[in-house]
Amino acid sequence: MTNTQGWPGFPQRVRIREVGPRDGLQNEDVVLSTAEKLCLLDALGATGLREIEVGAFVRPANVPQMADTAEVFAALRRRPGVTYSAIAPNVVGARRAIAAGADAVQVFLSASESHNRSNVNMGIEQSLANVAEMAAIVRAAGRPFDAVLSVAFGCPFEGDVPIARVLELCGRLLDLGAGQLTLGDTTGMGHPLLVRQVVIAFRERFPRQPLRLHLHSARGAGLANILAALEQGVSDFDSSVGGIGGCPFAPGAPGNLCTEDLTHMLHEMGVETGLDLAALMDAARMLETMLGHTVPSQTIKAGICKHLTG
Ligand code: ZN
């Protein structure tokens, strides 16, 4: 492998969890039909992705884009080896996710009190009690229960979030049996130095615990933050096809990190992803047609470098 030459600490291989069908579509004004979602999921499943966030079991009145998640799961053409996950905000959602056949269930907690209250209208302690109940349901069904800690790199209401607080909440979530932890830069407030500091602190506190990052590019720092994490050996990331979603502040603005842009950068550096970039770009273009507008992806605008010179 060439990727570690000149860049010590880099992982040889990165695993990407595709979050576009949930985190992406949830933030789109256009509500895709169940058939369109199935088409998108089929295209994504053919790109080599091993984990896809299919949808959310939330109140349809709150998030109409996710109202048909159970129907999507029921009709999903599952590819062997692919984990099709869902998110659940509460016990009812966790039960629905299990009943629908989600392979894994993600629960969310915010690293700041204000963001947690704004998100789920309750304090962090009450949320942790809920998470404990959800964890019991998911684990009793034999499925992995994964936890996402939102606003771990900065809160739009409170500003800086102390790293000690992030680590404390990670510990609480692990105590509740979280199989996997994801730290979210939910509104794109992180920067490379902070990512480096958080990852180093996490590794010192939880040396054997794998870490996944869910980074956003709302202020353009997404791939720079990825690089800072790669230097620390992080090899699990979330991203969104076309770069859709993640609460962009203006139409066409980046929110979620774009799967094609991330994959392109990794491939150019010789880091394996197992993904077919051309197929990912086809999926992103199909998504543009479905949504009726362009997506933030830079790679589908500029093309794959290696293709430019044949
Ligand atoms: Zn996101």
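Colleague: To begin with, are Asp23 and His214 buried or exposed?

Modeller: Asp23 is buried, and His214 is buried too, where buried means under 20% relative accessible area, exposed means over 50%, and partly exposed lies in between, with a 1.4 Å probe and protein chains only. Before going further, please note that this is a predicted model, in which local features need pLDDT of at least 70 and side-chain atom pairs count only at pLDDT 80 or more, while totals for chains, interfaces and linings use all residues. Residues are numbered from 1 along each chain as its sequence is written, and side-chain values use heavy atoms, with hydrogens and water left out.

Asp23 and His214 both belong to the metal site, for the zinc ion is coordinated by Asp23 (OD), His214 (NE2), His216 (NE2) and Asn256 (OD1), at 1.9 to 2.2 Å. Donors here are N, O and S atoms within 2.8 Å of the metal (3.2 Å for Na, K and Ca), and sites may look incomplete because water is not among the atoms. Along the chain, the donors of the zinc ion follow the spacing D-x190-H-x1-H-x39-N. The pair of Asp23, in helix α1 (residues 20–24), and His214, in strand β7 (residues 211–214), links distant parts of the chain, 191 residues apart; helices (H or I, at least four residues) and strands (E, at least two) are DSSP runs, numbered from the N terminus.

The angles among the 4 donor atoms run from 80 to 164°, and the site of the zinc ion is irregular. Four donors count as tetrahedral if all angles lie between 85 and 135 degrees, four count as square planar and six as octahedral if opposite donors are over 155 degrees apart and all others between 65 and 115, and anything else is irregular.

Turning to the cysteines, the count comes to 0 disulfides, a disulfide being a pair of cysteine sulfur atoms within 2.5 Å. The sulfur of Cys170 is too far for a bond, because the closest cysteine sulfur, in Cys155, is 16 Å away. Likewise, the sulfur of Cys258 lies 14 Å from the closest cysteine sulfur, in Cys305, which is too far for a bond. Cys170 is buried, with a relative accessible area of 0%, and Cys258 is also buried, at 6%.

Finally, Phe57 is found in the loop between β2 (51–56) and α3 (69–75), and Phe57 is buried, with a relative accessible area of 2%.
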